[in-house]
Amino acid sequence: DREIKIPRQLGRGPSSFIPVEEILQEGTERAQRQLFIEAFVSTGRVDNVTMVMGLHPEYLASFWKTQYLLLRLDGPLPYHKRHYIAIMAAARHQCSYLVGFHVAEFLKVGGNPEWLQGLHRAPQKLRNLNEINKILAHRPWLITKEHIEALLKTGENSWSLAELIQALVLLTHYHSLASFVFGCGINLEPGQEGGPAFQPPSPRSCDSSPASEDGMSSPSGKDAMQEVEVLMERMKLLQECQLEEEGVTQEEMETRFELEKTESLLVAPTVDIAEPALPPNVLCFVEEPEFGYKDFTRKGEQAPPTFRAQDYTWEDHGYSLINRLYPDMGQLLDEKFQVVYNLTYNTIAMHSGVDTTMLRRAIWNYIHCVFGIRYDDYDYGEVNQLLERSLKVYIKTVACYPEKATKRMYTHFWRHFKHSEKVHVNLLLLEARMQAALLYALRAITRYMT
């Protein structure tokens with residue numbers, strides 16, 4: 001069995017947060033090599049996103065199938081428009097990595113280069129997507145059936161329902177993928193504008209546990225170990241309490257959610273990082289760049305009503321609507337949500353044989369909470385018990401304004417965990433965020449249709 005060497009640029013490696021040895025060392029299992037080989041054969045290279053996602057081969061396989069259907073297989077939208085929509089979505093988060101990638105793909109499938117001068121040069125029908133792109137990216141709870149109606153009923157530029165569903169899946173897919181790119185510090189590919197040309201590797205520190213990088217005032221290993229033990233202890237206590245506790249009242253559950261939601265408003269990147277100057281090749285696809293995530297409630301403002309998860313669930317409502325209008329896609333999305341939600345190696349940092357269900361659920365539900373979605377049967381007290389503040393700051397930043405994520409934020413949470421565990425958090429982020437936005441959009445379509 002001849003080894004296929006996975007070509008890798010010299011120098012920076014796929015991620016500026018994760019040492020390249022870690023990606024390659026954890027990434028040499030067979031399943032992964034097989035996936036990388038397929039990637040290489042189909043596209044001639046293994047891109048950085050694939051390299052990092054490859055730390056979780058089972059997820060990568062599911063992600064690929066979805067993205068392949070979205071971009072390459074038959075569907076209502078022509079190929080060049082799909083790439084253009086991907087560009088529009090990624091540009092909302094200033095994600096040069098994805099914009100550059102899809103600009104190249106857009107030209108490859110025969111897209112009109114003039115459209116790349118900016119949104120104002122694209123056909124009106126695509127420009128009409130701008131509003132919903134903007135809202136889905138930053139404040140999905142504002143989507144109404146009127147937005148849907150406006151797109152479906154605009155005369156010669158109107159969208160069909162099937163086209164619109166594909167566009168919505170594309171938009172949410174690329175908004176969320178931008179979160180992954182920033183959350184994992186994915187580097188530009190060699191040869192991408194602003195990406196490194198081939199350069200000799202920089203000397204790296206040999207010790208690659210997250211805590212040791214950046215020479216930042218990293219706490220002693222003992223403190224980080226302590227954090228792991230505290231988390232383990234809390235999980236154990238919560239499990240015991242659940243066995244003893246005679247149901248908490250509905251009111252109490254609701255209060256705990258509202259508390260968490262309000263508290264999530266205070267969780268913001270500690271430093272308001274100076275807005276990076278937008279590269280012109282990204283800015284030209286963005287109208288109203290100042291429109292961003294805004295917490296639901298500022299003092300004295302009317303909050304949007306909480307989205308009660310059981311009123312419109314993915315399992316009962318979203319899934320069947322997508323499956324009806326975009327066959328196979330509902331199935332693949334469902335599988336991808338399931339894979340990431342259930343993904344576990346039963347390890348936490350240096351402990352094995354751990355049931356991590358509770359921790360994964362806390363992360364997922366916290367992300368949905370940040371987007372205003374509440375589960376009636378979930379005790380949001382668990383979120384506070386299990387997610388330390390630095391992890392909440394990271395989650396909220398990567399989910400809501402990923403362009404502000406920094407290496408420092410990445411390094412600061414779960415300081416004793418493996419990089420692959422932090423990548424797992426990013427996969428949960430990507431999928432929970434995508435599902436939240438889709439639920440708001442699909443609910444609006446359902447309201448329009450009824």
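Modeller: Contact means heavy atoms within 4.5 Å. This is a predicted model, where local features need pLDDT of at least 70 and side-chain atom pairs count only at pLDDT 80 or more, while totals for chains, interfaces and linings use all residues. Residues are numbered from 1 along each chain as its sequence is written, and side-chain values use heavy atoms, with hydrogens and water left out.

Colleague: What does the secondary structure of the protein chain come to?

Modeller: The elements are DSSP runs numbered from the N terminus: helices are H or I with at least four residues, strands are E with at least two. On that basis the protein chain has 20 helices and 4 strands.

Colleague: What percentage of the 450 residues count as buried?

Modeller: Buried means under 20% relative accessible area, exposed means over 50%, and partly exposed is in between, using a 1.4 Å probe and protein chains only. Of the 450 residues, the buried share is 54%.

Colleague: How many aromatic pairs does a search of the whole structure find?

Modeller: Rings of Phe, Tyr and Trp (its six-membered ring) pair if their centres lie within 6.5 Å; planes under 30 degrees apart count as stacked, over 60 as edge-to-face and the rest as tilted. Over the whole structure, the number of aromatic pairs found is 17.

Colleague: What kind of aromatic pair do Y59 and F63 form?

Modeller: The rings of Y59 and F63 are 6.0 Å apart, centre to centre. With 35° between the planes, the pair is tilted.

Colleague: What separates Y59 and F63 in helix α4?

Modeller: Helix α4 covers residues 57–71, and Y59 and F63 are 4 residues apart in it. The separation is therefore about one helical turn.

Colleague: Are Y59 and F63 buried or exposed?

Modeller: Y59 has a relative accessibility of 0%. F63 has a relative accessible area of 3%. Y59 counts as buried, and F63 is likewise buried.

Colleague: What is the centre to centre distance of the aromatic pair Y394 and F413?

Modeller: Y394 and F413 form a tilted pair with 35° between the planes. This pair links distant parts of the chain, 19 residues apart, with Y394 in helix α18 (residues 389–400) and F413 in the loop between α19 (407–412) and α20 (419–449). Both residues are buried. Their centre to centre distance is 4.5 Å.

Colleague: Which residue has its charged end over the ring of F413?

Modeller: A charge sits over a ring if NZ of Lys or CZ of Arg is within 6 Å of the ring centre and within 35 degrees of the ring normal. F413 also belongs to one aromatic cluster with F17, Y394, Y410, W414 and F417. The charged end over the F413 ring, 4.4 Å from its centre, belongs to K422.

Colleague: At what angle do helix α5 and helix α10 pack?

Modeller: Two packed helices are described by the angle between their axes and the distance between the axes. Axes are lines fitted to C-alpha atoms, for helices over the stretch in contact, and angles run from 0 to 180 degrees between N-to-C directions. The axes of α5 (residues 79–92) and α10 (residues 161–183) lie 8 Å apart. The angle is about 40°.

Colleague: How are α4 and α5 oriented to each other?

Modeller: Their axes come within 9 Å and cross at roughly 120°. Angles under 35 degrees count as roughly parallel, over 145 as roughly antiparallel, 65 to 115 as roughly perpendicular and the rest as oblique. The two helices are therefore oblique.

Colleague: Which residues does H424 touch, not counting residues up to four places away in sequence?

Modeller: H424 lies in helix α20. At 11% relative accessibility, H424 counts as buried. With the residues up to four places away set aside, H424 touches H56, V340, L343 and R360.

Colleague: With which residues is E287 in contact, leaving aside its neighbours within four places in sequence?

Modeller: E287 is in the loop between α13 (280–283) and β1 (307–308), and is partly exposed at 31% relative accessible area. Its C-alpha atom is 9.7 Å from that of G118, 169 residues apart along the chain. Beyond the neighbours within four places, E287 is in contact with R92, L119, R127 and N130.
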